[in-house]
Amino acid sequence: MTVTPTPATLLSAMQDIVGAGNCLTADADTESYVTDYRRLYKGKAPVVVTPTTTEQVSRVMAWCHANDVPVVPQGGNTSLMGGAVPDDSGTAVVISLKKMHRVLAIDTVNDTMTVEAGVTLSAARAAADEARRLFPLRIGSEGSCQIGGNLSTNAGGTAVLRYGNMRDLVLGIEVVLPDGRVFSSLKGLRKDNTGYDLKHLFIGAEGTLGIITGAVLKLMPQPRSTAVAFVAVQSPAAAVELLGRARALSGGAITAFELISSPALELVLEYLGNIPSPLESRHDWMVLIELTSGIDEETLNGTLMEILEAGLEGGLVVDAAVASSLADVQQFWRIREEISDAQTRTGGSIKCDISVPVSRIAQFTENASAKVLALEPATRMVIYGHMGDGNVHFNPLRPRERDAKSFLAQWYKPVSDLVDGLAHAENGSISAEHGVGVAKRDDLLQYKSSVELELMWQVKRALDPKNLLNPGRLLPDIDAAGKSGA
Ligand code: MLT
Ligand code: ZN
């Protein structure tokens, strides 16, 4: 039987492995590692360790495994689902990968980049850029989120339509297993059919099966030209139709197709202060369209104009602002990317991150909006997201005159259950890109089959039989819920 180590024994073991300078224990120092991005979840940790090598991560894991100490891996701590912070039992060691932030190699012949897990997304993009390549993952938190976290949550964002999710952008990974063994597959191979592709087990596993310490990422050619427009559309259905026309006319040049509702635009303009709306009048629905390509700017702009004209003629487009400078492009994107923080700042947002087949988006959006407004008519329908890949951030926001706490206490659960149920009924997902963490964990009991849940647990038990890695996250307790499919 393992004896639970005393805090002093634990700290001394960690200091031996990573050095005293890489162990944080004072509340003031650990605060930001135990509090989640939206400040909804706050836990405790006896120590936060910041290893600098894979070998140190491996030794920390081996020690914790031998001594039954739970471990919570953490990247940039930008999870919206409470998946990267410990619970309040005060038993779990937090391992932050932030000091493993080296770009190890860039191979411009193979078009790959090898990085440590703690490299931020913006640093990875900048390194690719310097090598005249593109690393295409694009999300609002790129300055803080890290590649390890992007992989662990299979991050998506605004360019998935063109380039896919993080799962599609990686060729190899290095992972430290719960018992300290290292699974290293840092190969830049685009073809390797030698059995199970094990890396995919760890991608999207939210740190419950192993700690990703490094990765080989795919690099893409840099586009030569970009064309962006902020477009008012008749309705979500018109937006879907416009997407179809844009696809047909642009021959695959669409990089982003983002839906934005009027309350989302109003909120973000209010939050950003002195930024004007790209469009003169108020419209219920808008889309931000971006085309990128290897052809010249003039031709690409011509294609964008063709799309907008087809939209106007077909009665889909009501108004449009075309970016005429880099500053315009940045401004349009800033408006889109700050919607998330504008909600956090305002408080009282019911965040639902659903996906449905693109063909069902309009129906879902209209149906869900009507049902939510029937419950509380003054709710601000902050709806936006990556429409081109079926992902809607459907985030009803408290009426102006209501305080956040009472709104959330009354509506958080009924509204998220309603929205998730409608998405599920459309063959959709209750978490398109934000993951599960602790926020959506128990909802999986309702939306995953017994077979899926049992398989997930079988994989978990095979890799982490002591349930020490990110415990209580992602996997609901199927035995307690009596949902075992065994
Ligand atoms: C976004 O698309 O802005 C992100 O997924 C974050 C969010 O929705 O809060
Ligand atoms: Zn998103």
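How far is an oxygen atom of ligand 1 from an N or O atom in the side chain of histidine 386? In this predicted model, the separation is 3.1 Å.

**View 1. Residues surrounding ligand 1 in the predicted model.** The shell around ligand 1 comprises Leu80, Arg336, Ser340, Lys351, Tyr384, His386, His393, Glu433 and His434. By class, these shell residues divide into 2 nonpolar, 4 polar and 3 charged.

**View 2. Side-chain contacts to oxygen atoms of ligand 1.** Lysine 351 places a polar side-chain atom 2.7 Å from an oxygen atom of ligand 1. For histidine 386, the distance between an N or O atom of the side chain and a ligand oxygen is 3.1 Å. Histidine 393 likewise has a polar side-chain atom lying 3.1 Å from an oxygen atom of ligand 1. The ligand taken alone exposes 260 Å², of which the protein buries 84%.

**View 3. The open sheet of 5 strands.** The strands follow the order E5-E6-E10-E8-E9, with antiparallel pairing. Strand E5 (103–107) and strand E9 (182–184) form the edges, each pairing on one side only. Neighbouring strands of this sheet are turned against each other by 10° on average, direction ignored. Helix H3 (residues 54–66) packs on the sheet and touches strand E8 (170–176), E9 and strand E10 (211–218). The direction of H3 makes about 45° with that of E8.

**View 4. Pairing of strands E5 and E6.** Strand E6 spans residues 112–116 and pairs with E5 in the antiparallel sense over 4 bridges. Within this pairing, methionine 113 in E6 is the bridge partner of isoleucine 106.

**View 5. The open sheet of 7 strands.** Here the strand order is E15-E12-E14-E13-E17-E18-E16, and the pairing is antiparallel. Strand E15 (317–322) and strand E16 (352–355) are the edge strands, each of which pairs on one side only. From one strand to the next, the twist averages 20°.

**View 6. Pairing of strands E16 and E18.** The edge strand E16 pairs with strand E18 (residues 391–397) in the antiparallel sense over 4 bridges. Serine 355 has asparagine 391, in E18, as its bridge partner.

**View 7. Helices H11 and H14 lying across strands.** Helix H11 (residues 326–337) lies across strand E12 (225–233), strand E13 (254–261), strand E14 (285–293), E15, strand E17 (380–385) and E18. The helix H11 runs at about 50° to E12. Helix H14 (residues 404–425) lies across E16 and E18, and its course makes about 5° with E16.

Key:
Residues numbered from 1 in each chain as written. Chains lettered and ligands numbered in written order. Predicted model: local features only at pLDDT ≥ 70, side-chain atom pairs only at ≥ 80, totals over all residues. Heavy atoms only, no water. Near = heavy atom within 4 Å. Polar contact = N/O pair within 3.5 Å; in protein donor to acceptor, adjacent residues only side chain to side chain. Areas by Shrake-Rupley, 256 points an atom, 1.4 Å probe, with all protein chains shown as cover. Nonpolar A, V, L, I, M, F, W, Y, C, P; charged D, E, K, R; others polar. Pairing = 2+ DSSP bridges. Helix = DSSP H or I, 4+ residues; strand = E, 2+ residues; numbered from the N terminus. Axes fitted to C-alpha atoms, helices over the stretch in contact; angles between N-to-C directions. Contact = heavy atoms within 4.5 Å.
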